[in-house]
Amino acid sequence: MSDVWGNKLKVSIFGESHGAAIGIVIDGLPPGHEIDMENVAKEMKRRAPGQSALTTPRKEKDQPEIVSGYFNDRTTGSSLTAIIRNSDTRSKDYSLMKKLMRPGQADYPGYVRYEGFNDYRGSGHFSGRITAPLVFAGAIAKQLLEKQGITIGAHLKSVANIQDESFSDCEVTPDLLRGFSEKELPLLNEALEPQVREIIREAKAKGDSLGGTAEVCVLGIPAGIGNPFFDSVESVLSHIIFSVPAVKGLEFGAGFGISEMLGSEANDSYYYEGDTIKTRTNHNGGIVGGITDGMPILFKVAIKPPASISIKQQTIDIEEKTNAELVVEGRHDPIIVPRAIPVLEAVTAIAILDLLLDSKLYKNQ
Ligand SMILES: Cc1cc2nc3c(=O)[nH]c(=O)nc-3n(C[C@H](O)[C@H](O)[C@H](O)COP(=O)(O)O)c2cc1C
Ligand SMILES: C=C(O[C@@H]1CC(C(=O)O)=C[C@@H](OP(=O)(O)O)[C@H]1O)C(=O)O
């Protein structure tokens, strides 16, 4: 089923962008955990639409209502379900999209796959809106991981051709990673912010959109988590990261760059720091043989520019079976990456908790 993901920790998402509500069922959460709801709300707000000129103007409260699996302020251990109601829908923006297929959006493949019965309003179940429940589940997973000494954070690695610094060029601490949640544009080199805002403003003014990359770090993860082959840490992470709409690339550690290195450069040599085993470099991104080596897990994610632009485009009219022109109307993000960052952190947390629960290294609290 395409709506269910996970092994020990399973998530099942549902809903459409312009339907009554969206939501998630989380199965496999350990019992007895108090959830910090204020922190959950803060994580939801990081992703929520309608907050600035950098985001879609659609306004949603993104307030999760827990309907099962939480009792007397603790997880019960049975499925935890939350729904998030949709309110600011404007479905008339999509009346043309019923027949004019937006290039780069899921309209045409979705029409074929679901024989024209898919809810096309607001991109329906394909919408980036369905990442809100993932952030809810991820916020809970992050809280459980913090108790295990694991912190997850991501920054804006690039916007178009503007490049931020990399985690491999600086000392990454839990506070650095946690601090990103306070910023709309979480950059390591904050001096880049005005440039980044300006390039987004320019693209938006032209009715166009921009892409970029995010870099994610999982800090404090012990060695020995994961598996070889199909359930390797890279495979598990890739599965959930590529489930996030608009993700088109992913590289672990030095990624494609490792192919240009010599073995003597690519190998991360080991050393003892007291009793702790570390590596001098981290070109393998903290994963070797599909299993964590105790170094931070590092990966970069490429996110495409949102497809819905107001520049005239060539497309097809699927009802008339003719070529056609399209100017997309409605409210859209000029760039997805800043809003995708909390989503990437969330799905990473879900995947890491799933792997950890499947290992002997999960410490019962
Ligand atoms: C948080 C978030 C917000 C998004 N906002 C938009 C948007 O405003 N307009 C748009 O065309 N696509 C947006 N997308 C991307 C589309 O949902 C996505 O491109 C589409 O479903 C097709 O899937 P694909 O790009 O993964 O192939 C957003 C994605 C995310 C994660
Ligand atoms: C509502 C959200 O973002 C939406 C994601 C989205 C898309 O195609 O992915 C298209 C737009 O939908 P609408 O036309 O209904 O405004 C965005 O606003 C959200 O992320 O919560």
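Okay, hi everyone. Remember as we go that we're looking at a prediction.

Let's start with ligand 1. How many residues surround ligand 1? There are 21 of them, and the closest are Gly 128, Pro 245, Pro 306, Ser 308 and His 332. If you sort that shell by class, you get 10 nonpolar residues, 8 polar ones and 3 charged ones. And which helix gives the most to the shell? That's α8, running from residue 337 to 357, which supplies 3 residues.

Next, the annotations. UniProt, in an unreviewed entry, has a "binding site" label on Arg 47. You'll find Arg 47 in helix α1, which covers residues 37-47. So is Arg 47 buried or exposed? Well, a residue counts as buried once 20 or more other C-beta atoms lie within 10 Å of its own. Arg 47 has 26 such neighbours, so Arg 47 is buried. Who are its contacts, if we skip residues up to four places away in sequence? They are Thr 131, Ala 132, Val 135, Arg 339, Pro 342 and Val 343.

There's another "binding site" annotation, also from an unreviewed UniProt entry, and it takes in His 125, Phe 126, Ser 127, Gly 289, Lys 304, Pro 305, Pro 306, Ala 307, Ser 308 and Arg 331. These residues are spread over 207 residues of sequence, and they're spread in space too, with up to 44.4 Å between C-alpha atoms.

Let's pick out two from the list. Ser 127 sits in the loop between α2 (107-113) and α3 (131-147). With 21 other C-beta atoms within 10 Å, Ser 127 is buried. Setting aside neighbours within four places in sequence, Ser 127 touches Ser 17 and Gly 122.

Gly 289 is in a loop as well, this time between strands β14 (287-288) and β15 (291-292). Here the count within 10 Å is 13 other C-beta atoms, so Gly 289 comes out as partly exposed.

Last stop: helix α5, residues 193-205. How far does α5 reach from its first C-alpha to its last? Its 13 residues reach 18 Å, close to the 18 Å expected at 1.5 Å a residue. Then, just after α5, Gly 207 takes a positive phi of about 80 degrees.

Conventions:
Residues numbered from 1 in each chain as written. Chains lettered and ligands numbered in written order. Predicted model: local features only at pLDDT ≥ 70, side-chain atom pairs only at ≥ 80, totals over all residues. Near = placed C-beta within 6 Å. Helix = DSSP H or I, 4+ residues; strand = E, 2+ residues; numbered from the N terminus. Nonpolar A, V, L, I, M, F, W, Y, C, P; charged D, E, K, R; others polar. UniProt positions renumbered as here; feature names shortened; annotations may be inferred. Buried ≥ 20, exposed ≤ 12 C-beta atoms within 10 Å, placed from the backbone. Contact = placed C-beta atoms within 7 Å. Expected span 1.5 Å × (residues − 1).
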